[in-house]
Amino acid sequence: MKSDQPEGRRRGIQSVEIGLRILKSLAGLGMASPLGAIAQACDMPTPQVHRYLQSLIAEGMVQQLADSGRYDLGPAALSLGLSTLARVDAFKLADAALGDFSQRTGLTIQMAALGPQGPTIVRWIMGRPPVMTSFNVGTVLPLLGSATGRIFFAFMPAAETEALIAQDLATGHFDALDLTALKAQICRQGYAHVDGNMVPGLQATAYPIFDLQGRIPLTVTVLQAFRGKRKTHCAIDELGDLCGRLSRELGWTPQA
């Protein structure tokens, strides 16, 4: 009995490790992927990976897309990631401050983090009047086509965004974009702004929140209809100041 128990524990632990290994590999691929690609990324036999994927699907950690048969992270994986993020001080700090800001100014605020598939919305604070879009928590935004994504593009290390840049460029929608000039402009002004790129009639202005290491755990984007631009210009500038204050509270020191 005693000899069987440690062996059972080892088997159980190994199963967890294999399941996590598959999840990490799937996340690292950055997009919905076929079984063979996942098995290759895990360096595991395809039948074994398939068995584990079926168990992960049953728990909601993985989903299989009906149209292509490819596998992607599931809703439970997103929920787990968001729960983890909610425990990060940066998220708690920003959520409280931005909730107060939205309540006072009436602006609609969107918070996002850079996930394996791209900039991902992690918080949505509706203003007055509400801004109605198809976006919600969990929506992945394009790196080059959104104000939110452009903040990560401009300030995050190139090695962490090059795959997402290539993915956007492959669509052919950004061929006319001078990436060097765009990055310089955003870094110089400290924010990114787009007019109607994602939703016609909607403009977005995004600011970074930096941490102690100068990385960006979160971006903050204000969304508004074109007609509200003049009324909220000062409030948007105030949002930039607020993001700067939050960054300093997280230990960030602006470079001279």
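This is a predicted model: local features need pLDDT of at least 70, side-chain atom pairs count only at pLDDT 80 or more; totals for chains, interfaces and linings use all residues.
Residues are numbered from 1 along each chain as its sequence is written, and side-chain values use heavy atoms, without hydrogens or water. Local features need pLDDT of at least 70 and side-chain atom pairs pLDDT 80 or more, whereas totals for chains, interfaces and linings use all residues.

Helices (DSSP runs of H or I, at least four residues) and strands (E, at least two) are numbered from the N terminus. The axes of helix H2 (residues 35–42) and helix H3 (residues 46–58) come within 9 Å and cross at roughly 105 degrees; axes are lines fitted to C-alpha atoms over the stretch in contact, with angles from 0 to 180 degrees between N-to-C directions. H2 and H3 are therefore roughly perpendicular (65 to 115 degrees). Leu35, Ile38 and Ala39 of H2 meet Thr46, Val49, His50 and Leu53 of H3, contact being heavy atoms within 4.5 Å.

The largest nonpolar core comprises 26 residues; such a core is a set of buried Ala, Val, Leu, Ile, Met, Phe, Trp, Tyr and Cys residues joined through side-chain atoms within 4.5 Å, and buried means under 20% relative accessible area (1.4 Å probe, protein chains only). Among the members that touch the most others are Leu143, Ile151 and Phe153. Helix H6 (147–155) is one of the contributing elements and gives the most, with five residues. Eight of the nine residues of H6 are buried, so this helix is largely enclosed by the rest of the structure. Beyond its neighbours within four places in sequence, Ile151 contacts residues including Met156, Ile186, Tyr191 and Ile216.

Terms used: Angles under 35 degrees count as roughly parallel, over 145 as roughly antiparallel, 65 to 115 as roughly perpendicular and the rest as oblique. Buried means under 20% relative accessible area, exposed over 50%, partly exposed in between (1.4 Å probe, protein chains only).
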